[in-house]
Amino acid sequence: MFTRYFIAICLLTGFALSPVSGAASEMLAKADTRMPEAAPFQTNALSIDKVLVRKSERRLYLMDDGEVVKSYRISLGDNPTGHKLYEGDERTPEGDYTLDWRNAGSDFYKSIHISYPSERDRELAHAWGLNPGGSIMIHGLPNEAADMAFAYRGLDWTDGCIAVTNEEMDEIWQLVANGTPIRIVP
């Protein structure tokens, strides 16, 4: 409504927006109006070369040359004690693995896959006549969590994965490359 009144007043008073004057257009012609190129995105120059998970502490550590550079509170499987033995035991595996691929369209915000099961994990499960399972991930909250996100904090609620908040998952997603080793200890 204000815009209509402003235009009407301009037309009635004879005020019109005129082209830029000669001197001003000369100055604009000389000015470099190009936007500077944006610097490439950097992740605070952190070089994460290993991820360490201490299940008993409920902590995930991002490491650089043996030093902890970031730490996160985690949630584990409903049955967190001990090494994952078979699909459905709701345990988080223990051992040395690799973060080998990621899923931006995950059911749990974003997820990064842990290379479980190893050959040894398969052998152990098959010796018991069981399936070792798979799809063990570091991930955020369930996509449908919405206003209930606070309720997941501090609980072991996954089926064997390692969960963090969505904000933390964004940070881990940016800092940790595919191929990064992960060690999960009791």
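Axes are lines fitted to C-alpha atoms, for helices over the stretch in contact, and angles run from 0 to 180 degrees between N-to-C directions. This is a predicted model, in which local features need pLDDT of at least 70 and side-chain atom pairs count only at pLDDT 80 or more, while totals for chains, interfaces and linings use all residues. Residues are numbered from 1 along each chain as its sequence is written, and side-chain values use heavy atoms, with hydrogens and water left out.

**View 1. The open sheet has 8 strands.** Helices (H or I, at least four residues) and strands (E, at least two) are DSSP runs, numbered from the N terminus. The strand order is β3-β2-β1-β8-β4-β5-β6-β7, with mixed pairing. β3 and β7 (162–163) are the edge strands, each pairing on one side only. Two strands pair if DSSP finds at least two bridges between them.

**View 2. Strand β1 (residues 50–54) pairs with β2 and with β8.** β1 and β2 (residues 59–64) are antiparallel, over 5 bridges. R59 in β2 is the bridge partner of R54. The hairpin of these strands has 4 residues between them, and R58 takes a positive phi near 55° there. β1 and β8 (residues 180–185) run parallel and are joined by 4 bridges. Here R54 stands opposite V185.

**View 3. β2 also pairs with β3.** This pairing is antiparallel, over 6 bridges. Y61 stands opposite S71 in β3.

**View 4. Helix α4 lies across β2, β3, β4, β5 and β6.** α4 runs at about 150° to β3. Buried residues (under 20% relative accessible area; exposed is over 50%, partly exposed in between; 1.4 Å probe, protein chains only) of α4 (residues 166–175) are E168, M169, I172, W173 and L175. They pack against β2, β3 (67–73), β4 (95–103), β5 (111–114) and β6.

**View 5. The largest nonpolar core has 24 residues.** A nonpolar core is a set of buried Ala, Val, Leu, Ile, Met, Phe, Trp, Tyr and Cys residues joined through side-chain atoms within 4.5 Å. L60, I114, I162 and I182 have the most contacts inside this core. β1, β2, β4, β5, α4 and β8 each give two or more residues to the core. The largest share, 4 residues, comes from α4.

**View 6. H139 lies in strand β6 (residues 137–139).** H139 counts as buried because its relative accessibility is 2%. Contact means heavy atoms within 4.5 Å. Leaving aside neighbours within four places in sequence, H139 is in contact with residues including F108, W157, I162 and M169.
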